[in-house]
Amino acid sequence: MAMVTSLVNERPVVIFSKSSCCMCHTIKTLICNFGANPTVYELDEHPQGKQLEKELRGFGCKPSVPVVFIGEELIGGANEIMSLHLKGQLIQLLLKANAIWV
């Protein structure tokens, strides 16, 4: 889990994704539409993608993508992000992490 942790600590919003995943695309678009500029790691294109995916499963991420970290905190996958968005809480997390400004 050290590799994932070090990547997550570098930026306010980190998304682990796969380039062919439609739910990954949806979550990336949603977060970008708030004005955030997430760091995205495409596991199917990353040289250490298999190792990163294994570490993400160690965090309990099933399915393994999309996985979103905001403010160094594991938020979860598509269901968790959409739920927070529908409750109006996603924007608050992005603000708190200094990923967006109002």
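Reader: What amount of space lies in the largest pocket, and what makes this a pocket rather than a cavity?

Author: In this predicted model, the largest pocket holds about 210 Å³ of space. The term pocket is kept for an open set of points, whereas in a cavity a 1.4 Å probe fits but cannot get out.

Reader: Which residues line the largest pocket and lie nearest its centre, and which element gives the largest share of the lining?

Author: The lining consists of 13 residues, and those nearest the centre of the pocket are Lys 62, Pro 63, Gly 77, Ala 78 and Glu 80. Strand 4 and helix 4 each contribute at least two lining residues, and the largest share, three residues, belongs to helix 4.

Reader: Why is Ile 27 called buried, and which residues does Ile 27 touch?

Author: The cut-off for buried is under 20% relative accessible area, and Ile 27, at 0% relative accessibility, therefore counts as buried. Ile 27 lies in helix 2 and, when residues up to four places away in sequence are not counted, touches Pro 66, Val 68, Ala 78, Ile 81 and Met 82. The C-alpha atoms of Ile 27 and Asn 79 are 9.7 Å apart in space, although 52 residues separate the two in sequence.

Reader: What makes a set of residues a nonpolar core, and which members of the largest one touch the most other members?

Author: The residues have to be buried, of a nonpolar kind such as Val, Leu or Ile, and joined through side-chain atoms within 4.5 Å. The largest such core has 17 residues, of which Val 13, Ile 31, Val 68, Ile 70, Ile 81, Leu 90 and Leu 94 touch the most other members. Two or more residues of this core come from each of strand 1 (13-17), helix 2 (22-33), strand 3 (67-70), helix 4 (78-86) and helix 5 (90-96). Apart from it lies another core, of 16 residues, which includes Cys 21, Leu 43, Cys 61 and Phe 69.

Reader: With which residues is Ile 70 in contact, leaving aside its neighbours within four places in sequence?

Author: Beyond those neighbours, Ile 70 is in contact with Pro 12, Val 13, Ile 75, Leu 90, Leu 93, Leu 94 and Ala 97. Val 13 is also the bridge partner of Ile 70, which belongs to strand 3.

Reader: How do you know that both faces of strand 3 are covered?

Author: In a regular strand the side chains alternate between the two faces of the sheet. Here Val 67 and Phe 69 on one side, and Val 68 and Ile 70 on the other, are all buried, and both faces of strand 3 are covered accordingly.

Reader: Why is one side of strand 2 and of strand 4 left without a neighbour in the sheet?

Author: The sheet is open, with four strands in the order 2-1-3-4 and mixed pairing. Strand 2 (39-42) and strand 4 (73-76) stand at its edges with a single partner strand each, so one side of either strand has no neighbour in the sheet. Direction ignored, neighbouring strands are turned against each other by 20 degrees on average.

Reader: Which residue in the turn of the hairpin of strand 3 and strand 4 has a positive phi, and why is Gly 71 called partly exposed?

Author: Two residues stand between the strands of this hairpin, and Gly 71 in the turn has a positive phi of about 60 degrees. Partly exposed covers the range between the 20% limit for buried and the 50% limit for exposed, and Gly 71, at 40% relative accessibility, therefore counts as partly exposed. Gly 71 touches Pro 12 and Ala 97, residues up to four places away in sequence not being counted. From Gly 71 to Leu 93, 22 residues apart along the chain, the C-alpha separation is 7.8 Å.

Reader: Which phi value does Glu 72 have, although it is not a glycine, and why is Glu 72 called partly exposed?

Author: Glu 72, in the loop between strand 3 and strand 4, has a positive phi of about 65 degrees. Its relative accessibility is 49%, so Glu 72 counts as partly exposed, the limit for exposed being over 50%. Asn 98, in the segment after helix 5, is another residue other than glycine with a positive phi, near 60 degrees, and at 48% relative accessibility Asn 98 counts as partly exposed.

Note on methods
Residues numbered from 1 in each chain as written. Predicted model: local features only at pLDDT ≥ 70, side-chain atom pairs only at ≥ 80, totals over all residues. Heavy atoms only, no water. Buried < 20%, exposed > 50% of the residue type's maximum accessible area, 1.4 Å probe, protein only. Contact = heavy atoms within 4.5 Å. Pairing = 2+ DSSP bridges. Axes fitted to C-alpha atoms, helices over the stretch in contact; angles between N-to-C directions. 1 Å grid on protein atoms, 1.4 Å probe; cavity = no way out; pocket = protein on both sides within 12 Å on 5 of 7 lines; lining within 4 Å. Points joined across faces, edges and corners; volume = space filled by probe spheres on them.
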